[in-house]
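Hi,

Here is the structure I promised to pass on. Have a look at it first, and then read on for what turned up.

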Amino acid sequence: MKGTISMKPRIAILHGDPAGIGPELVAKLIAEPDISKQANVLLVGDRHVFELGQAQAKTHWSVRNVDLDDATSWWSGDGIPLYTTKTVSPGKVSLSEISEAAGHASLRNLDKAIDLTQAGLVDGIQFGPFNKASMHLAGMNAEDEHRYIAKYLGFDGYHSEVNMLDELITTRVTSHIALNDVVGSIDEDGVIKAVCLANDTLKAAGKSRPRIGVAAINPHAGDNGNFGTEEIDILAPAIKRAQKMQIDVCGPWPSDTVFLKGRDGQLDAIVTMYHDQGQIAMKLMGFERGVTIAAGLPIPVTTPAHGTAFDIAGKGVANLGAMRNAFDIVCRMAAHHRDHNPIHPAA
């Protein structure tokens with residue numbers, strides 16, 4: 001039995017922003033009957049926030065407190081193991097409100113989960129939705145949580161947000177910048193990095209030879225230079241370089257049709273040039289199922305692609321779809337990471 005348990009990935013699950021739907025989603029996720037078959041789960045966060053989530057979701061499951069002094073016993077015994085933190089008092093949890101207190105809880109619980117991963121005690125992290133405005137109020141020293149994680153880890157390699165819907169993912173060459181700055185920020189190396197990230201992410205999720213399409217920048221892929229030459233000067237050479245690296249990549253495809261190829265199963269990944277080029281299409285195809293992956297980091301991290309949904313927080317009606325998909329993906333990625341980086345002690 002011990003050998004069987006040790007093969008399952010160990011996943012730290014955070015409740016996310018306490019003012020949003022994260023606590024409710026965690027409560028619903030843990031109540032799923034097959035969760036314990038997929039992974040050894042460790043809750044990380046404030047006990048009263050997890051209890052709040054259970055009340056919102058009208059679910060009940062037992063927890064037991066654990067500590068670092070007895071990590072070998074985390075995965076045995078009754079109840080879900082909980083590494084209790086004290087990041088926010090019950091009186092400071094104001095549903096559907098941006099606040100420094102909620103941002104502080106999000107950041108400090110994320111810190112602890114990263115510490116546990118770095119110590120080899122868990123293999124991956126899944127968090128409920130964060131609110132960037134609250135996190136910035138609490139002093140987040142980065143553009144977003146993905147870059148915050150990289151800074152916390154001291155990681156300076158290439159990484160980026162990847163969005164996944166069912167079996168289709170998107171990466172992007174530029175991200176949270178003004179649209180006016182997009183074209184000047186795209187070069188061959190940036191396209192190559194995004195293509196490689198898509199390829200590596202899908203391989204880590206179990207796809208042996210991902211099929212990747214590159215979206216064009218200009219209408220009709222530039223129409224042979226009539227509407228812009230970036231496809232000729234930048235994208236086509238980058239695609240050829242990637243093909244020489246034995247990556248199955250094609251394009252550039254007009255951005256108003258390339259997602260049809262993804263939807264119809266002809267592509268496993270689409271590399272877009274800017275944030276909304278991919279986000280609009282993915283969210284239209286399945287807003288309540290999408291997952292965000294902090295791709296390229298040394299540790300597997302996932303979260304639902306939707307936000308904290310303050311409009312429905314506390315009402316018990318949050319859809320579990322994206323949270324469940326994020327759990328499934330982080331389990332796959334953590335198992336792959338552990339198999340290929342056998343440096344952590346087994347559970």
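At what angle do helix H2 and helix H12 pack, and how far apart are their axes? Bear in mind that this is a predicted model. H2 covers residues 22-31 and H12 covers residues 321-340; the angle comes out at about 60°, and the axes are 9 Å apart. Angles from 65 to 115 degrees would count as roughly perpendicular and those under 35 as roughly parallel, so H2 is oblique to H12. As for handedness, the two helices make a right-handed crossing.

If you want to click through the contact, start with Leu 25, Val 26 and Leu 29 on the H2 side. Across from them, H12 brings Met 323, Arg 324 and Phe 327. Sorted by class, that contact has five nonpolar residues, one charged and no polar ones.

Searching the whole structure for cavities of 30 Å³ or more turns up one, and the largest cavity holds about 70 Å³ of space.

Which residues line the largest cavity? They are Asn 163, Met 164, Leu 165, Gln 279, Met 282, Lys 283, Gly 286, Phe 287, Gly 290, Val 291 and Ala 305. Two elements give two or more residues to this lining: strand E6 (160-165) and helix H11 (275-286). H11 gives the most, with four residues.

How values were computed
Residues are numbered from 1 along each chain as its sequence is written. This is a predicted model: local features need pLDDT of at least 70, side-chain atom pairs count only at pLDDT 80 or more; totals for chains, interfaces and linings use all residues. Side-chain values use heavy atoms; hydrogens and water are left out. On a 1 Å grid over the protein atoms alone, a cavity is a set of points where a 1.4 Å probe fits but cannot get out, and a pocket is an open set with protein on both sides within 12 Å along at least five of seven lines; lining residues have an atom within 4 Å of a point. Grid points are joined across faces, edges and corners, and a volume is the space filled by probe spheres set on the points. Axes are lines fitted to C-alpha atoms, for helices over the stretch in contact, and angles run from 0 to 180 degrees between N-to-C directions. Angles under 35 degrees count as roughly parallel, over 145 as roughly antiparallel, 65 to 115 as roughly perpendicular and the rest as oblique. A crossing is left-handed if the near helix is turned anticlockwise from the far one by less than a right angle, and right-handed if clockwise. Contact means heavy atoms within 4.5 Å. Ala, Val, Leu, Ile, Met, Phe, Trp, Tyr, Cys and Pro count as nonpolar, Asp, Glu, Lys and Arg as charged, and the others, Gly among them, as polar.
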